[in-house]
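This report describes the architecture, the contact surfaces and some local backbone features of a structure. The sequence and the coordinates are shown first.

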Amino acid sequence: MELLERAPVELKNAFLRVLGSLGVPEGMLAILSAVLIIGTVIGVFLGLFALMSVMERKILARVQNRYGPNRAGPFGLFQPVADGIKMLTKEDLVPRAADKVVHFLAPVVMMVPALLVLAILPYGRDMVPVELESGILFFFAVGAGTEVAIFMAGWASNNKYSVLGAMRAIAQMISYEIPLVISAVTAAMIAGSLSPSVIVAAQGGFAAGFLPHWFVTTPWGFTAALLFYIGALAESNRSPFDLPEGESELVAGHLTEYSGFKYATFFMAEYIGMFAICGMFVTLFLGGWQAPLPFLTVVPSWIWFFGKVCFVAFTMVWVRATLPRLRVDHLLAFAWKFLLPMSFAAFLSAACWHYAGRGPAAWFLSLVVVGIPYLVLGLSFTSRFSVSRRTYLFSE
Amino acid sequence: MICESLKTCFDDPGKFLGEWFVLLPALVLLLAAAAAVVLRNLIHATLCLTLSFIALGILFIALGAEFVGFVQLLVYVGAVAMLIVFAILLTRPERLAKSDTALSGLGPAGGALAGFVTLGVLLGFLFTSPIAKKSLPGPASAPVAEIGHALMGDYKAALIVVGVLLTAALVGAAVLAMEDKNS
């Protein structure tokens with residue numbers, strides 16, 4: 001087990017030792033080591049993307065009582081290969097009135113932040129590609145590039161659906177980024193560092209022998225985790241926040257005029273971005289690579305990390321299968337009138353928890369601090385509507 | 001000289017890249033900033049301005065000021081650039097120039113004059129201020145925690161004043177944008 005824990009690092013070191021004995025200079029080895037790490041990380045996430053693209057359709061199908069893809073290979077598992085070949089051989093259409101250069105650059109720009117943010121996630125014990133002191137800040141700073149890419153795609157297509165979709169996407173991403181960042185700051189504040197690996201380390205250990213010290217187990221952490229999760233759904237343009245691509249009204253939003261491999265690049269960047277933000281969610285609130293129970297620590301840390309990431313990604317698909325799409329004004333009102341004040345409440349609650357000594361008393365104090373705003377805001381939102389039980393005429 | 005460079009490139013690529021890496025974002029920054037001024041298509045100019053923001057952020061990071069670099073990316077690329085885009089698209093898109101033809105007449109000359117005068121005034125102040133007489137400190141890389149302590153400690157008054165100013169600006173913007181229910 002100890003061997004398995006270190007396996008990825010040891011494999012890389014062994015490979016480099018062999019090269020070193022063949023007379024490759026020291027400096028070149030350092031670069032090669034970096035290339036190996038980058039290749040592995042990108043390879044793993046591309047694999048996850050391929051798996052996700054088929055699993056998502058499978059899960060949606062299961063929820064909707066149908067089979068889903070089951071023709072290509074066993075259980076339809078070779079579907080991504082078929083999709084890839086289809087995408088590669090499709091004609092690359094560029095509208096005559098499009099801004100050709102910007103239209104071409106948009107998918108490339110979209111891919112850059114999606115790959116860059118993978119650099120700072122702690123994938124396991126002592127397994128961070130780049131140990132950055134302000135890693136959380138890096139994550140959100142680089143993520144801002146996505147908005148530029150979506151705007152470029154929407155505007156360069158010279159299509160009103162594209163521009164509308166891009167405008168919606170930018171409005172949504174700017175609005176949801178604020179609660180997202182503030183809820184992430186609570187975790188950084190309690191851990192006392194912006195470094196993802198320090199935040200994960202702060203969540204190690206168990207209370208009473210079995211309760212993990214994950215931030216999600218505290219009232220402020222639970223609130224912040226929910227806020228972060230909602231913000232993450234909106235940032236990755238996933239249902240119920242998929243208005244920018246709402247098929248029923250905008251064809252495909254900023255993707256309307258894209259086809260073939262450019263479309264595939266967008267699709268890939270969106271899914272890798274989704275995995276990255278799931279990884280950030282796991283790092284901030286679900287204890288990163290820490291095991292959930294003491295006796296489970298024998299399982300290698302990187303398995304825990306990717307297991308948790310896949311679980312969070314699964315819940316996102318589940319949400320997509322369950323919830324209807326929001327309306328634009330509801331979407332923005334929800335961000336500014338509910339999520340933003342709640343994230344401030346979570347912020348205050350985290351501070352109370354810290355200064356009350358982090359014990360059981362602090363736990364209840366922070367519950368009160370976060371509970372009162374929740375009740376007030378929630379009641380103010382729902383009191384305007386009378387919610388009654390719906391009966392479906394033809395389904396019973 | 002070039003042979004020497006190539007030799008370091010093979011023996012110690014990290015060092016080689018480190019030496020030359022600083023120049024690249026600086027070059028991109030200058031070219032993008034110039035393009036942002038020259039291009040007549042507003043959206044292209046905005047995108048070039050965004051590129052120059054990104055290059056400036058990378059330049060900060062390359063010079064060891066990680067925190068400033070990330071904040072530059074977060075604030076200027078994530079917020080300011082998007083704000084400019086919104087302002088352009090929400091005003092009059094039909095009047096956007098479709099091509100990138102250059103300005104003609106006295107406009108460019110006047111702009112250049114204004115730019116150089118501003119540069120002269122700024123340089124004048126820079127060289128006469130007491131800061132110019134201090135010797136340069138070594139390459140500083142302040143940890144994020146230190147910056148945070150400084151902001152919350154020595155500079156807390158300034159931080160609060162900036163906060164109040166921004167809040168006032170926000171409230172003002174909201175009041176301007178609010179519909180008058182009486183009319």
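## Chain B

The model is a predicted one, and the values below are computed from it.

Chain B contains 183 residues, of which 18% are buried. When contacts in chain B between residues at least 6 apart in sequence are considered, 57% of them link residues at least 24 apart.

## Interface between chains A and B

The two chains meet through 24 residues of chain A and 21 residues of chain B. On the side of chain A that touches chain B, at least two residues each come from α2 (26–63), α5 (135–143), α6 (145–156) and α7 (160–191) of chain A. The largest share belongs to α6(A), which supplies 6 residues.

By class, this side of chain A comprises 19 nonpolar, 3 polar and 2 charged residues.

## Domains of chain A

Chain A is divided into two domains: domain 1 covers 1–89, and domain 2 covers 96–382. Their C-alpha centres are 23 Å apart. Contact between them involves 20 residues of domain 1 of chain A and 21 residues of domain 2 of chain A.

On the side of domain 1 of chain A that touches domain 2 of chain A, α1 (2–21), α2 and α3 (79–89) of chain A each provide at least two residues. The greatest contribution is that of α2(A), with 12 residues. The residues on this side of domain 1 of chain A divide into 16 nonpolar, 2 polar and 2 charged. Helix α2 of chain A is also among the elements that supply at least two residues to the side of chain A touching chain B.

In soluble globular proteins, nonpolar side chains tend to be buried together. The largest nonpolar core here has 127 residues, and the members that touch the most others are M152(A), A187(A), F228(A), F275(A), F281(A) and F285(A). Helix α7(A) gives the most to this core, with 18 residues.

Which residues does F281(A) contact, leaving aside its neighbours within four places in sequence? They are F228(A), Y229(A), A232(A), L286(A) and V312(A). Of these partners, F228(A) is itself listed among the core members that touch the most others, while V312(A) is one of the buried residues of α12(A).

## Helix α12 of chain A

Helix α12 of chain A spans residues 301–322, a run of 22 residues. The distance from its first C-alpha to its last is 32 Å, close to the 32 Å expected at 1.5 Å a residue.

The buried residues of α12(A) are S301(A), W302(A), W304(A), F305(A), K308(A), V309(A), V312(A), A313(A), M316(A) and V317(A). The charged residue K308(A) is thus part of this buried set.

## Asparagines with positive phi

N65(A), although not a glycine, has a positive phi of about 65 degrees. It is located in the loop between α2 and α3 of chain A. N65(A) has 6 other C-beta atoms within 10 Å, and because a residue with 12 or fewer is classed as exposed, N65(A) is exposed.

N237(A) is likewise not a glycine and has a positive phi, of about 55 degrees. Its position is in the loop between α9 (219–235) and α10 (247–250) of chain A. Is N237(A) buried or exposed? N237(A) counts as buried because 23 C-beta neighbours lie inside 10 Å, and the cut-off for burial is 20 or more.

Key: Residues numbered from 1 in each chain as written. Chains lettered and ligands numbered in written order. Predicted model: local features only at pLDDT ≥ 70, side-chain atom pairs only at ≥ 80, totals over all residues. Contact = placed C-beta atoms within 7 Å. Helix = DSSP H or I, 4+ residues; strand = E, 2+ residues; numbered from the N terminus. Expected span 1.5 Å × (residues − 1). Domains from an automatic or database assignment. Core = buried A, V, L, I, M, F, W, Y, C linked by C-beta atoms within 7 Å.
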